[in-house]
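This report goes through one protein model by topic. Please keep the sequence and the structure at hand while reading.

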Amino acid sequence: MRKLMLASTFVAMGLLGNAAIAQPSPAFISGLNDRNGWEVWFNSLSGDYQAGANFWAGQRSLPHPTGCYAEGGRDLGLWGAGCVASQQRLGLSDIRRKAEPEYRLGWNAWTPGAAEAMQQLAAQAAANRQAQAERDAAEAQRIRDQDRADREALAAKKAREDAENKAAAQLAAENSPDNRCKEPKIAGDLIESFNSLQTVQDIRLKAVDIEHLITLSFKVDQGQNIYNCHGVFVLSNGRHLPGTLYTRLNVAGNIIIHFTVDDE
């Protein structure tokens, strides 16, 4: 028993004295705290009452412990009361001591000041956990921020590439030999058709030019040019209006003009 107590005390002191060692198990801490509670209670006693409590503390681990009453069940007064109180206080701890090795180690590791040291260790461990949680949270936030920055950078790069590709496609379409809408006569027809629209006449504005003009479709039907052309119509007030002007034949063979403004 003495060797076990020395080994347990050594384990406990190692845990208490070195913050780098892993935090003791909950059962170990429970055993140490319960032993501390017992020591505080026992040292608060005096006289026969304390003597009775001490008697049971020495008997409880024996194979056949002596009880707290005299022969025939005679009450032994304060001594007997202390013995019974000790039985009640140590009952659950004794069960755990015999069933749980870690609890037994904690119980046997007790020395004066050990519980206080363990509380300090627990407080330090809690502070370390809190600090680690804060570091983990900061790292998680850094990863989220980096991920967002990477996604934003990727989106910006894609937007630039899309804009560059669109501009290249636009330039290629404008300079294509198949760009019928850019032919001066047809472009003139476009401006005239745009200015003939009732809505344009109502606001008393006219198109004076068309920039970035490209052909979406072009055909000749019944001797008339049927086209679908897109461009930026420059109005007489300086406003630029991007949109598509297209024509079709009605059932009577007459040209109907449509214009749609691009979605902004």
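## Confidence

In this predicted model, pLDDT stays under 50 over residues 15-21, and that stretch has 10 contacts beyond four places in sequence.

For the protein as a whole, the average pLDDT is 86. A score of at least 70 is reached by 91% of the residues.

## Buried polar and charged side chains in helices

Arginine 35 belongs to helix H2, which covers residues 26-43. Its relative accessible area is 14%, under the 20% cut-off, so arginine 35 counts as buried. Leaving out residues up to four places away in sequence, arginine 35 is in contact with Trp107, Asn108 and Trp110.

Glutamine 59 lies in helix H3, which runs over residues 47-59. Glutamine 59 is classed as buried because its relative accessibility is 14%. Beyond four places in sequence, glutamine 59 touches Pro65 and Thr66.

Asparagine 195 is part of helix H7, residues 184-196. With a relative accessible area of 17%, asparagine 195 is buried. Its contacts, not counting residues up to four places away in sequence, are Val200, Gln201, Lys206 and Ala207. Asparagine 195 and alanine 133 are separated by 62 residues in sequence, and their C-alpha atoms are 69 Å apart in space.

## Aromatic pairs

The structure contains seven aromatic pairs. One of them joins phenylalanine 218 and tyrosine 227: the ring centres are 6.5 Å apart and the planes meet at 15°, so this pair is stacked. The angle falls under the 30 degrees that set the limit for stacking. Phenylalanine 218 is partly exposed, at 21% relative accessibility. Tyrosine 227 has a relative accessible area of 6% and is therefore buried.

The pair of phenylalanine 233 and phenylalanine 259 is edge-to-face, because the planes stand at 80°, with the ring centres 5.1 Å apart. This pair links distant parts of the chain: phenylalanine 233 is in strand E2 (residues 224-235) and phenylalanine 259 is in strand E4, 26 residues apart. Both phenylalanine 233 and phenylalanine 259 are buried. Elsewhere, ring pairs connect Trp38, Trp41 and Phe42 into a cluster.

## The second largest pocket

What is the volume of the second largest pocket? The value is about 190 Å³. Its lining consists of Phe194, Leu197, Thr199, Val200, Ile203, Leu205, Leu235, Arg239, Leu241, Phe259 and Val261. Helix H8 (198-202) supplies at least two of the lining residues, and so does strand E4 (255-261).

Which classes of residue make up this lining? Nine of the residues are nonpolar, one is polar and one is charged.

Key:
Residues numbered from 1 in each chain as written. Heavy atoms only, no water. pLDDT = per-residue confidence, 0-100. Contact = heavy atoms within 4.5 Å. Helix = DSSP H or I, 4+ residues; strand = E, 2+ residues; numbered from the N terminus. Buried < 20%, exposed > 50% of the residue type's maximum accessible area, 1.4 Å probe, protein only. 1 Å grid on protein atoms, 1.4 Å probe; cavity = no way out; pocket = protein on both sides within 12 Å on 5 of 7 lines; lining within 4 Å. Points joined across faces, edges and corners; volume = space filled by probe spheres on them. Nonpolar A, V, L, I, M, F, W, Y, C, P; charged D, E, K, R; others polar. Phe/Tyr/Trp six-rings, centres within 6.5 Å; stacked < 30°, edge-to-face > 60°.
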